[in-house]
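Subject: Structure handover

Hello,

Here is the structure for your files. My notes on the helices follow below it.

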Amino acid sequence: MDMLSQILNMNAGGAYGGGKAGGAFDPLAFAMKPQVVIRALCWLFSVVVLGCISSEGWRVDEEGKDKCLFNDDAMACKFGNTVGIFGFIASIAFIVGEYLFERMSSVKSRKRFVMADMAFSALWAFMYFVAFIYLWSQWSSAEIPPGGIGVANMQASIVFCFFSVFTWALCAFMAYKRFLIGAGDEFTSAFETDPANVVHQQAYTSYSMDNDNDQYSQSPFTNQQAGVDQQQVPQMDYQQPTY
């Protein structure tokens, strides 16, 4: 419940739910982060799926050919291995990215990481769902291998594919929550949100408008020119010309 509450209330810290860049690194706090814990489970489940299929997913028939225990469907074993391999690599990559996330001073870099996390996690949750359905349907139609060798491993790979659907979907959900946090108003410009700056900006605007009205309400040269004309132009009497 504590981890779930942390996931649902990731609204503290810097941009996109992360702490401010340049802070001290705490290994224990990093290992207890919900994102890291769930990623570790994704990594573990990928290892189980990959290991079970690779170790005992194939058997040699009478002709010396390798056949997949999933109803002799080689594509089923290859597909399960492929999903497990990429899930294994991606889990490590995102854990490393989570370590670097706190050191990203650029908001755009954090946004790209969160969007990549959200997209890939959602995609791989779907891929594990497809793998679960595919392997389960092929296993339900397959014959029990001689001596029951590999049965436990094949069943374990199916079960952990099912578990992986939820772990990867949870990763996508956490990334989505981060994306919503990063898109909030709390990450707008500090100048725009500072009350003092807003007051100064309003005062400057009012001052400018008052000066503009005073300056352009009347011509600046009309009164002065009229005064100069009246003071400097001499008064001359009109004399009628003689002929």
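The axes of helix α3 (residues 34-56) and helix α6 (residues 151-182) come within 9 Å and cross at roughly 155°; axes are lines fitted to C-alpha atoms over the stretch in contact, with angles from 0 to 180 degrees between N-to-C directions. Angles over 145 degrees count as roughly antiparallel, so α3 is roughly antiparallel to α6. α3 passes α6 in a left-handed crossing (the near helix is turned anticlockwise from the far one by less than a right angle). The contact of α3 with α6 is made of 18 nonpolar, 6 polar and 3 charged residues. Here Ala, Val, Leu, Ile, Met, Phe, Trp, Tyr, Cys and Pro count as nonpolar, Asp, Glu, Lys and Arg as charged, and the others, Gly among them, as polar.

This is a predicted model: local features need pLDDT of at least 70, side-chain atom pairs count only at pLDDT 80 or more, and totals for chains, interfaces and linings use all residues. Residues are numbered from 1 along each chain as its sequence is written, and side-chain values use heavy atoms, with hydrogens and water left out.

Ser46 lies in helix α3 and counts as buried at 0% relative accessibility (buried means under 20% relative accessible area, 1.4 Å probe, protein chains only).

The axes of α4 and helix α5 (residues 107-141) come within 10 Å and cross at roughly 155°, which makes α4 roughly antiparallel to α5. This crossing is left-handed.

Regards

Conventions
Helix = DSSP H or I, 4+ residues; strand = E, 2+ residues; numbered from the N terminus. Parallel < 35°, antiparallel > 145°, perpendicular 65-115°, else oblique. Buried < 20%, exposed > 50% of the residue type's maximum accessible area, 1.4 Å probe, protein only.
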